[in-house]
Each structure stands twice: as C-alpha cells, then as structure tokens.
Amino acid sequence: MELTDDATRKARQECAEHRQRSPHPSRPQHSATIDLAVWLDIHRLFESLKVGPIDASSDSEGHLVVDKAEGLTDLCLFVRNAAAMERANQDLASSTGIIGDIRRTISAMMRRELEYPEATRCVTAAAQALSNLVTGNRPLQRALLEQELTTGVASIDTVFCYLLASANSQTNMAGLVLLLNCLKDNTEATGLLCSTEAGRLVASKVGELFGDNENDESDVKTMLYMILSQIIDCGRLDQLLRDELELRAYGLVDALAVYCNEHSSNADYQKVVSKDLVAALTRLLSKSHAVLVHVWEDTAAIYSSDDDIRGDVDMDDIMDAHRCLAAVISALGTITTEGGADIANWLLECKTVHLVIALLGLLNKHLPRIESADKRQSSLQASGAGPGDVDSVKHLFMFKCDLIKIIGNIGYKSAAAQDLVRELDGLSLVLDHMKIDDNHPFIKEHAVIALKGLLSNNRANQDFLRDVNVVDSIQDPKLAKAGIQAVITNDGQVSVKQAAPDSKSDRASLD
C-alpha cells in the first residue's frame, strides 16, 4: 500500500526512534540482544518504506523519496549496530527477512543516488548493515552469495556490482568490505565467486577499481589488495583470467605485478604467473596495439579535414589503451626477467612475441629516433603537440625501451624465441635502436644487452648480423668522436669498448 505524506513521516519518526535505541558500546543502557518482536517491527518498517522501480508510474512519489531514504537509512544503521554486537542478532534478523529488505533497499536507492544525496547515504548504510550481518557467519555468507550469484539474477543486478559501480567512494568501500567479509578465509565462497558469471563480473569491477584508485595508500586500495590476495591464495586467479579482459583491467594487471613483488617466494609466484596470465596479457596487448593502429594508421577514418577527432574514436579507449600498455609491458618485463624457460614457451605458444615485435615496429615507425634535443623540440612544435601530448609521447618512447628489454629477456631463455625474433625481423628492429636517441638516452645500451641475449649460442643470428654488416649499422659518429666503438666478438657477442688511442679507423673488425 502506498503511504501518504503523513504516514511516511510517521514511519520516518519510528525509524529514528529505533536507531536511537540501537545497541552500541556507547549506550550500555540498551540491551545488546534484540528481541524477535523488534526485528519483526523493523521488517514492517522496511516494507512500508519500500521504494518501487523508477518508471512513469513512480514519478508521483518523488517528493517522498527523501523521507523514505532517511527512514531506511536509520533502519540500516540500527541493523548495522545490532549485527555487530551479537551473533544471535544476525540469525534473528535473517529469519525475519531483513537481509532481503536490505538487498531491495540497495537496488532501489542505487538507481536514485545521482538524483538524491539521501539515497547515496542510504546505500552506504545498507551495505554496512549487510556486511555486519554476514561477518563471521558462514551460513549467511553462503546464502547471500548463492542468492546474488546463482539464482538467475542478471549479472549486473547484484548488490556487489551495484556497490562497486557506485560513483561514491564510501559506497565502493562498503561494498568491498562486504565482499571481503564473505570471502575471507573461505575457499568455498571464493570458488563460488570465481566460478559464476555474476561473480566474475564482480571480480572485473574489482579490477577496474584498481585503475580508478591511483593512491596506493588509500583504504580502498588496501581492501582491493586483500580481496585479490584472497582470490590468489585460494588458487582461483586462473578462472578470472580466462574471461575476456577489457582495457580498463590495467589496474588489475598493476596489482598482480605488485603482488609478485611483495610475495617473492617461488610458491607465491607460481600462484600468479601461469599460461593463463600470459594469455590474458597477450589479449590486452593485442587490444592496445589495435587502438594504436587505429589512431596512427587509419587516419582517414579518424580525422576530418580540420583535424578534429570524429565520433568513431573514443578518447576514453585511447587513454585506457595507453595505461593498459604501461601495465602489460611492465608485467611482461617482470615475468620475463624472473621466470624461466616455461615463461618463454608460454610467450611463444600465446604468440606474445609476435605482438611485442609488432608493437615495437609500430612505435618505431611513428616515433622515429631524434638525435638532438633541438630537433626533438622542433618536431613536437611542428606537430602542434601540447604539454599533455608531449608527456604522452614521452611515455610511448619509454615503451620502446621496455619492449626491447622484453625481447632480450626472451632471447636469453629460449633458442626458439631467438629464431622467431629473427624470422619476424625483430633483430633488425633491435639494431635500429643501437644509435643515440635523445628521446631515450639509454635506449642504445638496452639494445646492446638485448642483442647479446638474441645472439647467445645462436649461429644463425650471428651470421645474420654479419650479413647485414652490423658494425657499420651500430657504430655512431658521436660515439666515435668520444673514442668508443662497437664490436662483435668471435663468439658473436656485441660489445661497446674504448677505442685504442692509435686506432686509425672507427670501424671494428669482424675477425
């Protein structure tokens, strides 16, 4: 039955009185145990203040939403306080339908949070109440997860997704606390989360929140790491990685890298680094590469005659691709440095090496080497790049160095990878970076190290370099003037050394 204005105000007053009588350590005069009759009355008030779906027929109740939201907030705060005091309160509240009341409240108020600040506060209080109801109560945790994740509800219409998708950080935090309380030290619950479509959508929201929260010291970031650690420790990460990751998952990739850095034992490392991880990183790398190709090479489809970007280019996608590249390349750098031959085999099987070389070639084509700072500045000014664009270009130049390091790391671990790099013209790409580049002063040194890995014990690669007269290609006039020369040793290794004082030639011998 629809409440009148007077009835709503009366119910609102009853809710406020319940909140004032809620058990709390600061109010010892109130009993910590809530009687069944009180819980039945709380349920009655939830029902009377229930807000329907947003549609044309509900427009008439808009003026009541504020009063209803404030009353529902008081009820949620009562439940939150009571559930935190005694386990018996959790069970009685559940038996009278309170958990269902709170779930419906979250669903209804989330749809109104942008219009009504009171609705946002109500959702946060409801999430806190639901979290306290299931804390330490395995049967209720299990029941909540099953109701939300396996009962045919649309994947996006779960309380977890509502809370994590909120624009309010306090609501996000309340949702994360609820999720962690359901999962903590509970392998079965974590498995349920990772094995259902709705649960994996929740996990993907966790991944997006990593990217949205750049402050590593924030409470939200701490909670995100705790949830991710729970998933990893239960051996469920691979289940999540098999789903198609979006570019916005760059935050999750960063978090996995942090986990590897903080958990250096071989057992912990193996929980994260797997063929599924390599495959997921490769898919993200492919999507980022496609965005760059679209931006740089499909210019006819992107730019109009006045150089304005057309509507078919999503700038958010471009920014996500840039961040995703940074995260994926960093992760690949870490696992190719720390991993063994199995990593190289996975990179070959997943065709990651193909993408790394293709991406380096793309960057090399569109971000050419510049040998002086003056030329670089002139080039940027001629392109009309602003300060933000310049910073973005700098990061892309850094990617070139990181990609070269990845190629070198793979070369040290696999003869098959060495051969593949040569077949994909990757050797020539590495060689092309063995000259001074003011965009990245140390890229030549990284290329030298990478070339050593690619030449090590590989006669075919060594012969390839001799055939292209590599010493002439890598010897830089500026280095020659400084008395430094590049050489290839008898075992095919590349080396940069001080030229002899009486040297009559800057050219190193191949013999």
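Helix H14 (250-262), helix H16 (275-297) and helix H18 (315-338) each supply at least two residues to the lining of the largest cavity. Helices (H or I, at least four residues) and strands (E, at least two) are DSSP runs, numbered from the N terminus. The model is predicted: local features need pLDDT of at least 70, side-chain atom pairs count only at pLDDT 80 or more, and totals for chains, interfaces and linings use all residues. Residues are numbered from 1 along each chain as its sequence is written, and side-chain values use heavy atoms, with hydrogens and water left out.

**Largest cavity**

- A cavity is a set of points, on a 1 Å grid over the protein atoms alone, where a 1.4 Å probe fits but cannot get out; lining residues have an atom within 4 Å of a point.
- Grid points are joined across faces, edges and corners, and a volume is the space filled by probe spheres set on the points.
- The count comes to 1 cavity of 30 Å³ or more, and the largest cavity has a volume of about 70 Å³.
- Its lining consists of Val 253, Leu 256, Ala 257, Cys 260, Val 272, Val 273, Leu 277, Leu 281, Ala 331, Thr 334 and Ile 335.
- H14 gives the most to this lining, with 4 residues.
- The lining has 10 nonpolar, 1 polar and no charged residues, where Ala, Val, Leu, Ile, Met, Phe, Trp, Tyr, Cys and Pro count as nonpolar, Asp, Glu, Lys and Arg as charged, and the others, Gly among them, as polar.

**Second largest pocket**

- The second largest pocket (a pocket being an open set with protein on both sides within 12 Å along at least five of seven lines) has a volume of about 340 Å³.
- Of the 18 residues lining the second largest pocket, Arg 200, Ala 203, Ser 204, Glu 244 and Leu 245 are the closest to its centre.
- Helix H11 (197-212) and helix H12 (219-233) are the elements that give two or more residues to this lining, and H11 gives the most, with 8 residues.
- By class, the lining of the second largest pocket divides into 9 nonpolar, 2 polar and 7 charged residues.

**Chain and core**

- The protein chain has 28 helices and 2 strands.
- Of its 511 residues, 50% count as buried; buried means under 20% relative accessible area, exposed over 50%, and partly exposed in between (1.4 Å probe, protein chains only).
- The largest nonpolar core has 144 residues, and those with the most contacts inside it are Val 79, Ile 102, Ile 106 and Phe 160.
- A nonpolar core is a set of buried Ala, Val, Leu, Ile, Met, Phe, Trp, Tyr and Cys residues joined through side-chain atoms within 4.5 Å.
- Beyond its neighbours within four places in sequence, Ile 102 is in contact (heavy atoms within 4.5 Å) with Phe 46, Val 79, Ala 126, Ala 129, Leu 130 and Leu 133.

**Individual residues**

- Leu 237 lies in helix H13 (residues 237-241) and is buried, with a relative accessible area of 2%.
- Leaving aside neighbours within four places in sequence, Leu 237 is in contact with Ile 231, Ile 232, Leu 256, Lys 271 and Val 272.
- Asp 185, in the loop between helix H9 (169-183) and helix H10 (187-195), has a positive phi of about 55° although it is not a glycine.
- Asp 185 is exposed, with a relative accessible area of 61%.
- Lys 351, in the loop between helix H19 (341-349) and helix H20 (352-366), has a positive phi of about 60° and is not a glycine either.
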